[in-house]
Amino acid sequence: MTLSQLLPKHFVEFYNYKFTGGRMDGKEGGLSIASIRSLGLVIKETLNAAVILEYISRNPAANVPLPHAEEKHQVGIFLNAEEANAVLKAFRGHHLQPLVYITLL
């Protein structure tokens, strides 16, 4: 494939391939999101240089989004009635008392 034949979908497919597998070290699984983002930045900068040197007219990877870290769901901390009452007592008269009350609900 030549530079002029590259399309954004090729980079999406490449990132997905690297995320799900395609490791060169033989280990199971795919690369970390940080590694894929690093690869993506190298690809985009290299193709930007190809545009500057007029090998291609546009960077096909320019608008391809790089993967983001998966959101980690935090586990909530629940207070029993006695603990909640102690928190409310500690904030009694404080300007944050209404916010604390609503948060405890």
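Select helices H1 (residues 8–20) and H2 (33–52) to begin the tour. Their axes lie 10 Å apart and meet at an angle of about 155 degrees, so H1 and H2 are roughly antiparallel to each other. The crossing of this pair is right-handed. The model is predicted: local features need pLDDT of at least 70, side-chain atom pairs count only at pLDDT 80 or more, and totals for chains, interfaces and linings use all residues. Residues are numbered from 1 along each chain as its sequence is written, and side-chain values use heavy atoms, with hydrogens and water left out.

Some terms apply here. Helices are DSSP runs (H or I, at least four residues), numbered from the N terminus. Axes are lines fitted to C-alpha atoms, for helices over the stretch in contact, and angles run from 0 to 180 degrees between N-to-C directions. Angles over 145 degrees count as roughly antiparallel. A crossing is right-handed if the near helix is turned clockwise from the far one by less than a right angle.

Next, select Lys27, in the loop between H1 and H2. Lys27 counts as exposed because its relative accessibility is 56%; exposed means over 50% relative accessible area (1.4 Å probe, protein chains only).

Move on to Glu54, in the loop between H2 and H3. Glu54 is not a glycine, yet it has a positive phi of about 65 degrees. Most residues other than glycine have a negative phi. With 68% relative accessibility, Glu54 is exposed.

Tyr55 is found in the loop between H2 and helix H3 (81–90) and, at 59% relative accessibility, is exposed. Select Leu3, Ile52 and Leu53 together with Tyr55 to display a nonpolar surface patch of about 470 Å². Such a patch joins nonpolar side chains (Val, Leu, Ile, Met, Phe, Trp, Tyr) within 5 Å, from residues with over 30% relative accessible area and no salt bridge.

Continue to Phe78, also placed in the loop between H2 and H3. Phe78 is exposed, with a relative accessible area of 74%. The C-alpha atoms of Phe78 and Leu104 are 8.8 Å apart, although the two residues are 26 residues apart along the chain.

Finally, select H3 and helix H4 (residues 97–104), whose axes come within 9 Å and cross at roughly 165 degrees. H3 is therefore roughly antiparallel to H4, and their crossing is right-handed.

Note on methods
Patches are made of residues with over 30% relative accessible area and no salt bridge: like charges are joined within 9 Å, nonpolar side chains (Val, Leu, Ile, Met, Phe, Trp, Tyr) within 5 Å. Accessible areas come from the Shrake-Rupley method with a 1.4 Å probe; for residues, only the protein chains shown count as cover. A salt bridge is a side-chain nitrogen of Lys or Arg within 4 Å of a carboxyl oxygen of Asp or Glu. Helices (H or I, at least four residues) and strands (E, at least two) are DSSP runs, numbered from the N terminus. Buried means under 20% relative accessible area, exposed over 50%, partly exposed in between (1.4 Å probe, protein chains only). Angles under 35 degrees count as roughly parallel, over 145 as roughly antiparallel, 65 to 115 as roughly perpendicular and the rest as oblique.
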